[in-house]
Amino acid sequence: VDYAAFRAALVAERDARRRANEAAPPPKDGGAERHPPAMDPNLMSPASVVAAAFRRGADDDDVDVDDAGTIPVRRISSVVSGFDGDGDDASTRSGRSTASSSTVASSSHATTGALPTELHPSHPDLIFTPRRSRVTVARWSGHGGEKTLALGRDTGEVELMRPNGESGGLDLVDTLRGHAASVTDLDWSAGGNELVTSSADGDVRHWSKSVDVSTDVSRTEWRCNRSLLGDSSELVDDVPTSAVRFHPTNSNMVLVGRADRTVSLVNLSTGATAARCGANAYMRSAVSSVCADSAGRLAYAGDSDGKVLAMACAVRSVGGGVRSRLAPFARAAKASTGAWSLTLVCRLKPPASRGTNTAVVALAHETFLTATRGPAVLAAHADGCVRIIRAPGLPKPALAPAIVVRLPQWPGSGACVAFAPAVDPSVSPNVSASTAGGADTSGAAVFAAPSKTGAPAMKGASLAVKGAGKATAMGWDSGGERVAVAYD
């Protein structure tokens, strides 16, 4: 099924609902003003009109299926008027009570005519032909709790896997479904009980682990607490979300990088944007990566042009002052009138490239490295360049590269990079990256970053798997002792 056709149908439905709401007569007798219904991320969204159209179309004799086996968009539009204000017909409304008590990670299947499809229970506008999916992001949970590996896929699913001590492999714990497009990034909370995910569909979802005691045997399940796209009563967001990170000291706040050249600080409890930075003369490209220092005072972003940007992140104290060592920059921001501020402090130009693509594909922060004699920002670019950058300080904040190295055997487009945590600050961190080669040698490798600019990156270990292709995603655990690698 063509995803563009779904997008067009959803946009048309959203705009029609807006116009209908604006054209509605004013309330009588001082009644409450009408607003679009809020969306519960655990229930059927208004986008279920599309899924229901496909389900109903399977039983209709007058539905014409084209050569590609898809149902035309005009058939979807013809049934839109038959749904209520929440986008559900009688059949979908009857399932609300059961949907509210079931986990989002449950699975569902539907068949449309001769075309086998899968239908997500919590985000039914995603209908696709079952096929092998690709892992796009991999992250281990942090220091607290039992170690869990989260894998984001290009189908919008997130798989949670846990190491099996007996077999040495990984056991599938849960599958989180809700995104309508490829998962672009995800991040764990410090305790490992919360997860935040971003997707190319423009949505950011907050998941948490809870104990279900409604049955005779209690069990642990993951549920979606909030969908930022759904809470804004939007069916489709035209701006993909590329990166997301928990605030280091406040797990209720997340940093969100988007393709509209902005970095936002979002409150997960309310879904409101507490502060925003970007879309100005200094941020002219889509944000591709974000991270923050351990204190949450500085946030960093990498963009599709290869620039690295530093932003002061400050919160007002009870007395009205701004708590940050870069407080003068925060006070100058327009957003400083609110509780939080996010202010651009400085930026670093892209590296001198041998190719045309220098987008930042990975970004990390270290509290101290000997190479930078202080805090460091690690940036990897799409042309195989890795830079270890001195973090900005006072009195004149600036980002300055301390070490620049190019990774050997770089495969080019679609490659990925992951930085191992620096256990010993006197030694440059290990870098795992995709590698090019033959059918049996391509995959990934671990490289030791040099201690000075100009020295080559030394290959420490090969992570190639015969016949698996190149690596598409990697993730190190918090101790830097193991790395998960996903292949084509």
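Of the 488 residues of the protein chain, 49% count as buried, where buried means under 20% relative accessible area, exposed means over 50%, and partly exposed lies in between, with a 1.4 Å probe and protein chains only. This is a predicted model, in which local features need pLDDT of at least 70 and side-chain atom pairs count only at pLDDT 80 or more, while totals for chains, interfaces and linings use all residues. Residues are numbered from 1 along each chain as its sequence is written, and side-chain values use heavy atoms, with hydrogens and water left out.

The protein chain holds 7 helices and 30 strands; these elements are DSSP runs numbered from the N terminus, helices being H or I with at least four residues and strands being E with at least two. Among its contacts between residues at least 6 apart in sequence, 51% join residues at least 24 apart, a contact being heavy atoms within 4.5 Å.

Strand E22 is largely enclosed by the rest of the structure, because 7 of its 8 residues are buried.

| Hairpin | Bridges | Residues between the strands | Turn residue and phi |
|---|---|---|---|
| E21 and E22 | 7 bridges | 4 residues | Arg373, about 55 degrees |
| E22 and E23 | 5 bridges | 3 residues | Gly384, about 90 degrees |

Within these pairings, Leu369 has Gly374 in E22 as its bridge partner, and Ala376 stands opposite Arg390 in E23.

A further open sheet of 4 strands, also antiparallel in its pairing, has the order E4-E5-E6-E7. Its edge strands are E4 (135-140) and E7 (170-176), and the twist averages 25 degrees from one strand to the next. Strands E5 (residues 149-153) and E6 (residues 158-163) run antiparallel and are joined by 4 bridges, with Leu149 opposite Met161 in E6.

The largest nonpolar core has 23 residues, of which Ile388, Leu407, Val417 and Phe419 touch the most other members; such a core is a set of buried Ala, Val, Leu, Ile, Met, Phe, Trp, Tyr and Cys residues joined through side-chain atoms within 4.5 Å. Elements that give two or more residues to this core include E21, E22, E23 (385-390) and E24. A second, separate core of 17 residues includes Met253, Val263, Ala301 and Met311.

The structure also holds 1 aromatic pair, formed by Trp188 and Trp222, whose rings are edge-to-face at 5.8 Å centre to centre with 80 degrees between the planes. Rings of Phe, Tyr and Trp (its six-membered ring) pair if their centres lie within 6.5 Å, and planes under 30 degrees apart count as stacked, over 60 as edge-to-face and the rest as tilted. The pair links distant parts of the chain, with Trp188 in strand E8 and Trp222 in strand E11, 34 residues apart. Trp188 is buried at a relative accessible area of 6%, and Trp222 is buried at 4% relative accessibility.

Note on methods:
Pairing = 2+ DSSP bridges. Axes fitted to C-alpha atoms, helices over the stretch in contact; angles between N-to-C directions.
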